[in-house]
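User: I have a model open and want to go through a few local features. Can we start with pockets?

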Amino acid sequence: MVLTGEGADELLAGYPKYLAEPSVRRYQHVVPAWAHRAFVDPILSRAPGFGDRLRTLSRAMGEHDPWRRGALWFASLSPEEAMRLTGKTTSASGNGNDEGMQAAGVRALQLADQRHWLPDNLLERGDRMMMAGSVEGRMPFMDTELAELAARMPASLMTGHPRG
């Protein structure tokens, strides 16, 4: 039997996209969309080295709708494929202020991952691999009480970004 960490990143905002989300919102308040499209995106789209990651970041920085931006973090998928994966076609609504939208963005990403990416991909794949090797797996981060506790935690606590 083995213990796995599946679900930890989705519950506790451990992926880089969760950490980037509040910064992306601040960036969007400073850099107009036209300037991003005209200057920033072309530069980052051609960057060598970490090109794929920079292209993904640039696409996310240019998208103002948190649900569509969440879909764009799936770099290997087109935005349309990713939107189908996350099950969203409309925007999440925040409370109108920057802090609320930052939290809504992180929560929207987590919710999409918890509802779709985790059960439809990670958990199923992990289960199949363990069964193929006759290994019994336990996923302690899938505990419902832990998930409820994580859902009550402020997004700023998980991402390390201060509020406001």
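Analyst: On a 1 Å grid over the protein atoms alone, a pocket is an open set of points where a 1.4 Å probe fits, with protein on both sides within 12 Å along at least five of seven lines; lining residues have an atom within 4 Å of a point. Points are joined across faces, edges and corners, and a volume is the space filled by probe spheres set on them. This is a predicted model: local features need pLDDT of at least 70, side-chain atom pairs count only at pLDDT 80 or more, and totals for chains, interfaces and linings use all residues. Residues are numbered from 1 along each chain as its sequence is written, and side-chain values use heavy atoms, leaving out hydrogens and water.

User: What volume does the largest pocket have?
Analyst: About 510 Å³. It is lined by 13 residues, of which P16, K17, R53, T56 and W73 are the closest to its centre.

User: Which helix gives the largest share of the lining?
Analyst: α4, with 5 residues; helices here are DSSP runs of H or I, at least four residues, numbered from the N terminus. Both α2 (16-30) and α4 (51-62) supply at least two lining residues.
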